[in-house]
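Work through the exercises below with the sequence and the model at hand. Each task is followed by a solution in steps.

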Amino acid sequence: MPPSNSYESLVLKSALASRFLLITLIILWRSLLDPYDTSATLNPNCLSSTSSSSSAEKPALWPSLGSAIESNIVWDSVYYVRIAQCGYEYEQTYAFFPLLPFLISVSSRTVLLPLVPVIGYRAVLGLSGYLISNIAFVFAAVYFYRLSVIVLKDAKASLRASILFCFNPASIFYTSIYSESLYALFSIGGVYHWLSGAQSIAVLWLAFSGLARSNGMLNAGYICFHTMLRAYEALIYKKRTSLAMQVLAVGILRCLFIFVPFMSFQAFGYYNMCHGQHLDDIRPWCRGRIPTMYNYIQGHYWGVGFLKYFHLKQMPNFLLASPILTLTLCSILTYGRTWYKLLFSLGFQASLEEMSAEFLLQPVAFSRAKTCSPDNKSSNDKEPRYLRRRKQMIDRAKPSTQVKENELLDDSPYLSASIFPFIVHLGFMGATAFFVMHVQVATRFLSASAPLYWFAAYLMISPSSRRWGYLIWAYCAAYILLGSLLFPNFYPFT
């Protein structure tokens with residue numbers, strides 16, 4: 001068996017082991033402690049009599065098991081399960097995107113339907129949510145490894161990063177009824193398919209990530225960046241204006257397709273909350289020139305906004321988020337020291353050649369087919385003039401060894417130009433988490449960002465920074481234990 005296959009099998013086993021560990025810890029802490037809030041099992045009737053299953057009113061054959069499952073529907077899980085059962089009843093529920101509730105509702109009415117008489121309908125909804133989140137995470141871990149192999153071109157480093165992802169500090173949310181697992185699956189899997197050459201599948205997957213979480217829209221940035229480079233190459237190197245326009249048109253359509261889920265959900269909310277309402281009863285955001293409910297709901301109900309969380313009383317939450325924010329900052333600064341021209345030029349100007357040389361401009365499948373072709377021996381003689389010139393410029397423009405000497409990540413693939421779009425994505429997410437959101441959410445908000453694990457994977461083996469690798473593992477272990485203790489018992493945790 002090739003090493004990559006055995007490594008992927010190990011990642012799969014690690015993902016399963018991490019889910020088993022988290023579920024065991026949840027059961028353990030719930031059996032030892034009383035929850036802070038015991039209202040988790042309360043379930044008022046749906047506003048619409050046709051929303052909930054008629055089986056929900058029948059007594060369950062195993063009520064104790066059903067009650068145990070329902071008691072673990074906590075925090076935002078309450079919203080997801082309620083939406084799956086009753087639909088979007090109240091304005092604030094539109095802060096939760098529909099993919100997870102939809103899948104919960106479908107699975108509870110199909111595969112898990114025979115369990116409704118046994119444990120009750122709401123317990124089946126909760127069980128469905130747990131199964132979906134954990135299964136999605138296992139697949140997300142496998143895709144994470146495959147993506148890492150493509151980007152890093154280092155199977156061992158990819159394995160280390162993937163195992164760290166399996167035991168990441170936000171693991172409790174990937175095990176609970178939260179949308180993190182689905183978002184990670186479709187965002188990581190979508191980028192993997194894109195870099196593998198399956199671009200239509202990639203666009204579809206990235207669109208689904210936008211149905212799981214609002215920040216799924218940001219994944220369009222990968223396609224936007226790729227489109228700009230392709231158009232620039234066609235215009236500057238190939239001198240083909242028509243090709244550049246074609247590339248731009250296709251790229252714009254693909255990006256718009258990724259935005260469609262978010263825009264459709266906003267339109268759905270507008271129709272339900274604003275359409276047909278009297279002018280005196282209409283909500284403030286309905287009167288907007290572009291009526292977007294999501295920003296209003298986040299600000300009105302959760303107090304989310306630029307610098308709104310910067311108060312002295314929130315210092316403990318800043319401390320809680322400080323490890324992930326520090327790791328984010330260090331990963332960006334380490335990359336920026338080597339590729340500062342690339343960062344400041346947004347991938348163009350002096351460092352365009354490095355970016356163009358990476359697989360971002362060519363599907364991996366096409367590259368492999370070209371490399372393995374029988375007549376590849378004479379490919380250097382037949383390649384276009386602009387490609388030969390670009391390769392010469394790459395050799396001259398590569399980061400000097402002086403930049404990398406005595407640094408934490410000597411000669412690591414983490415410092416390759418292909419990481420650039422991931423770093424930009426991470427930087428935007430990190431800035432949003434720190435300046436706009438409730439900062440403690442940063443731990444789970446950034447937990448699906450691949451560069452964090454790639455950076456940590458090389459810290460773990462660098463002789464000059466191995467102690468930081470130990471600290472990262474200690475941080476993950478501490479947050480897994482703390483999260484599994486506090487979160488299921490309805491105590492605040494990120």
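Buried means under 20% relative accessible area, exposed means over 50%, and partly exposed lies in between (1.4 Å probe, protein chains only). This is a predicted model, in which local features need pLDDT of at least 70 and side-chain atom pairs count only at pLDDT 80 or more, while totals for chains, interfaces and linings use all residues. Residues are numbered from 1 along each chain as its sequence is written, and side-chain values use heavy atoms, with hydrogens and water left out.

**Exercise 1. Positive phi**

Solution. 
Step 1. Phe490 is not a glycine, yet has a positive phi of about 65°. Most residues other than glycine have a negative phi.

Solution. 
Step 1. The loop between H6 and helix H7 (155–166) holds Lys153.
Step 2. With a relative accessible area of 55%, Lys153 is exposed.

**Exercise 2. Salt bridges**

Solution. 
Step 1. A salt bridge is a side-chain nitrogen of Lys or Arg within 4 Å of a carboxyl oxygen of Asp or Glu. By this rule the count is seven salt bridges.
Step 2. In one of them, the side chains of Arg122 and Glu70 meet at 3.2 Å, N to O.
Step 3. Arg122 belongs to helix H6 and Glu70 to helix H2 (residues 63–70), so the pair ties together parts 52 residues apart in sequence.
Step 4. Arg122 counts as buried at 7% relative accessibility, and Glu70 counts as buried at 15%.

Task: Which residues are linked with Glu180 in a network of salt bridges?

Solution. 
Step 1. Arg213 and Glu180 form a salt bridge through their side chains (3.0 Å, N to O). This pair links distant parts of the chain, 33 residues apart: Arg213 is in the loop between helix H10 (199–212) and helix H11 (220–237), and Glu180 is in helix H9.
Step 2. Both Arg213 and Glu180 are buried.
Step 3. Glu180 also meets Arg444 in a salt bridge (2.9 Å, N to O). Here Glu180 in helix H9 is linked to Arg444 in helix H22, 264 residues apart.
Step 4. Arg444 is buried, as is Glu180.
Step 5. The network links Glu180 with Asp76, Arg213 and Arg444.

**Exercise 3. A covered helix**

Task: How many residues of helix H3 are buried, and what covers them?

Solution. 
Step 1. Helix H3 (residues 76–86) has 11 residues, nine of them buried.
Step 2. Among the buried residues are Asp76, Tyr80, Arg82 and Cys86.
Step 3. The cover includes helix H4 (99–109), H6 and helix H22 (442–445), where contact means heavy atoms within 4.5 Å.
Step 4. Just after H3, Gly87 takes a positive phi of about 85°.

**Exercise 4. Ser187**

Task: Which backbone oxygens does the side chain of Ser187 reach?

Solution. 
Step 1. Ser187 is in helix H9 (residues 180–196) and is buried, with a relative accessible area of 4%.
Step 2. A polar contact is a pair of N or O atoms within 3.5 Å; within protein, one must be able to donate a hydrogen and the other to accept it, and residues adjacent in sequence count only if both atoms are side-chain atoms.
Step 3. The Ser187 side chain reaches the backbone oxygen of Tyr183 at 2.6 Å, and a polar atom of that side chain lies 3.4 Å from the backbone oxygen of Ala184.
Step 4. Leaving out residues up to four places away in sequence, Ser187 touches Leu206, Ser209 and Asn219.

**Exercise 5. The largest nonpolar core**

Solution. 
Step 1. A nonpolar core is a set of buried Ala, Val, Leu, Ile, Met, Phe, Trp, Tyr and Cys residues joined through side-chain atoms within 4.5 Å.
Step 2. The largest such core has 132 residues, and Leu147, Phe422 and Trp454 are among those touching the most other members.
Step 3. Helix H6 (residues 121–152) gives the most to this core, with 18 residues.

Terms used:
Helix = DSSP H or I, 4+ residues; strand = E, 2+ residues; numbered from the N terminus.
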